[in-house]
2 protein chains.
Amino acid sequence: MSAPKLLLVEDDTALAELLEYRFESEGYDVRVTADGDDALIMAAEDTPDLVILDWMIEGTTGIEVCRRLRRDKATAHVPIIMLTAREAEDDRVRGLETGADDYLTKPFSPRELLARVSAVLRRVRPALAGETIEAGDLKLDPVAHRVERRGKALQIGPTEYRLIKFFMEHPRRVFSRGQLLDAVWGTGSEIEERTVDVHIRRLRKAISLENTRDPIRTVRSAGYALEPV
Amino acid sequence: MSAPKLLLVEDDTALAELLEYRFESEGYDVRVTADGDDALIMAAEDTPDLVILDWMIEGTTGIEVCRRLRRDKATAHVPIIMLTAREAEDDRVRGLETGADDYLTKPFSPRELLARVSAVLRRVRPALAGETIEAGDLKLDPVAHRVERRGKALQIGPTEYRLIKFFMEHPRRVFSRGQLLDAVWGTGSEIEERTVDVHIRRLRKAISLENTRDPIRTVRSAGYALEPV
DNA sequence: ACAAATCTGACACAGAATTGAAATATCAGG
DNA sequence: CCTGATATTTCAATTCTGTGTCAGATTTGT
């Protein structure tokens, strides 16, 4: 359900198929294209969680794809792993300059790529790596889309789920309403900041049990933070 | 929020945009200009926490910007990271001479620049890099927006928080009421100097515990200072 | 496709916390 | 014991947060 969505941009058909198979068997949701322009369209239609990008591809070049992904707000923060030929040291430099998060020189083992992907995802968003996250007496299973407190499942709505998940991914840290809107509602959402309060309240209500203190701390004039019990 | 404010002076539009995205996604508050004179105006209006300065820019040259930033009291201590072309070794030397804190030769990876920025901020003002700062038995976590004394969390209001944070960033140093108003309330605030006394009093009360002496020293006819226990 | 149930975002208002200033009490140093 | 400076107390104004409610949008179940 919430399998991490990968976009693989690779024009070596054999390699692409191999990787697709490998990643799918590891539980990723993979889409493949050999063409740079295609890649941009696919990324725009359904924002992937990570892009694996071959440097030497048809159509738009790798560097161009990279740049355009970064330029579009929706995909600006999607991590990118580049695949480059061994010799092309310069490309590597330019790649990192352009905003790739990591790179791998060919030839590489699928296992190695898997490890990098997993590492990058874990760094960016632990929940995407399929790990349950815990914070105090709260436990969240991203795969099952389920949150429990003290082992008791909570009845929680979509927005509140995303909210608590975000908080649990960054415990103790204070976020302003603006940051929460960006992170939970999506960058550039045109929503009233005060509305965050309302959802915080709904979340508090949803996660409250008998004899538990509210783990969400209000930091006046700054925002909110999850304070694990 | 307490996002570090960066001023990026770069006339390569593509690079500037790329960096702006990267830094914003890392939680910095970035402002960009391609022009040296603009940069000086922007720096004067709202003192940044760090300046990233391309050596080769339109208008006033990099070296000139650097010099003028150093000349103005408000920006004299703002760290500067220079970006130079690979060949221009001389510029690098002159840059460091002029007062830049660090430099980076093009091409460089955004990640590298991020690391430098973080390193410089950590050196100059640990709290801006998200590190906890300690002063005697006081500990302040800027990310969690939390202050504790002897491991005990303190109940503290917004203004008192900013005040103690400022003191902890500059322990032992004496500040006049005017300086405190500028630093904590913001330059040009129209507030009575006497009011500072009141907040000092509130702060003292907020950080007092049993069997602790007051770490805030009154320096008669000069101001106040934090004297770590 | 239709109706019920749920979810969302926006308001508005009450209550709580914070703030700045003014008035009064104390203090430090000569 | 003066005198200028700082500490406290008090208070009204302002800012910020918690909640109840509502209409419209979305999802769900049939």
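The legends below describe close-up views of a predicted model.

Residues are numbered from 1 along each chain as its sequence is written, while chains are lettered from A and ligands numbered from 1 in the order in which they are written. Because the model is predicted, local features need pLDDT of at least 70 and side-chain atom pairs count only at pLDDT 80 or more, whereas totals for chains, interfaces and linings use all residues.

**View 1. Chain A contains 8 helices and 12 strands.** Helices (H or I, at least four residues) and strands (E, at least two) are DSSP runs, numbered from the N terminus. Of the 229 residues in chain A, 33% are buried; a buried residue has 20 or more other C-beta atoms within 10 Å of its own, an exposed one 12 or fewer, and a partly exposed one a count in between, with C-beta atoms placed from the backbone. Contacts pair residues whose C-beta atoms, placed from the backbone, lie within 7 Å. Among contacts in this chain between residues at least 6 apart in sequence, 56% join residues at least 24 apart.

**View 2. Strand E1 of chain A is joined to strand E2.** In E1 (residues 5–9), 4 of the 5 residues are buried, so the strand is largely enclosed by the rest of the structure. Five bridges link E1(A) to E2(A) (residues 29–33), and the two run parallel. Strands pair if DSSP finds at least two bridges between them. A:Lys5 stands opposite A:Asp29 of E2(A).

**View 3. Four strands of chain A form an open antiparallel sheet.** The strand order is E6-E7-E8-E9. E6 (133–135) and E9 (152–153) stand at the edges with a single partner strand each, so one side of each has no neighbour in the sheet. E6(A) is joined to E7(A) (residues 138–141) by 3 bridges, and A:Glu134 has A:Lys139 as its bridge partner. Helix H6 (residues 158–169) of chain A lies across E6, E7 and E8 (146–149), at about 110 degrees to E7(A). Such angles run from 0 to 180 degrees between N-to-C directions, and axes are lines fitted to C-alpha atoms, for helices over the stretch in contact.

**View 4. Five strands of chain B form an open parallel sheet.** Their order is E2-E1-E3-E4-E5. E2 (29–33) and E5 (102–105) are the edge strands, each with a single partner, so one side of each is left without a neighbour in the sheet. Neighbouring strands are turned by 15 degrees against each other on average, direction ignored. E3 (residues 50–54) and E4 (residues 80–84) of chain B pair over 4 bridges, with B:Met82 of E4(B) as the bridge partner of B:Leu53. Helix H1 (residues 13–25) of chain B lies across E1 (5–9) and E2, at about 170 degrees to E2(B). Helix H2 (residues 36–45) of chain B lies across E1, E2 and E3, at about 165 degrees to E1(B).

**View 5. Helices H6 and H8 of chain B pack against each other.** H6(B) (residues 158–169) and H8(B) (residues 194–207) meet at an angle of about 85 degrees, with axes 10 Å apart. The two helices are therefore roughly perpendicular; angles under 35 degrees count as roughly parallel, over 145 as roughly antiparallel, 65 to 115 as roughly perpendicular and the rest as oblique. Residues making the contact include B:Leu163 of H6(B) and B:Leu203 of H8(B).

Methods:
Contact = placed C-beta atoms within 7 Å.
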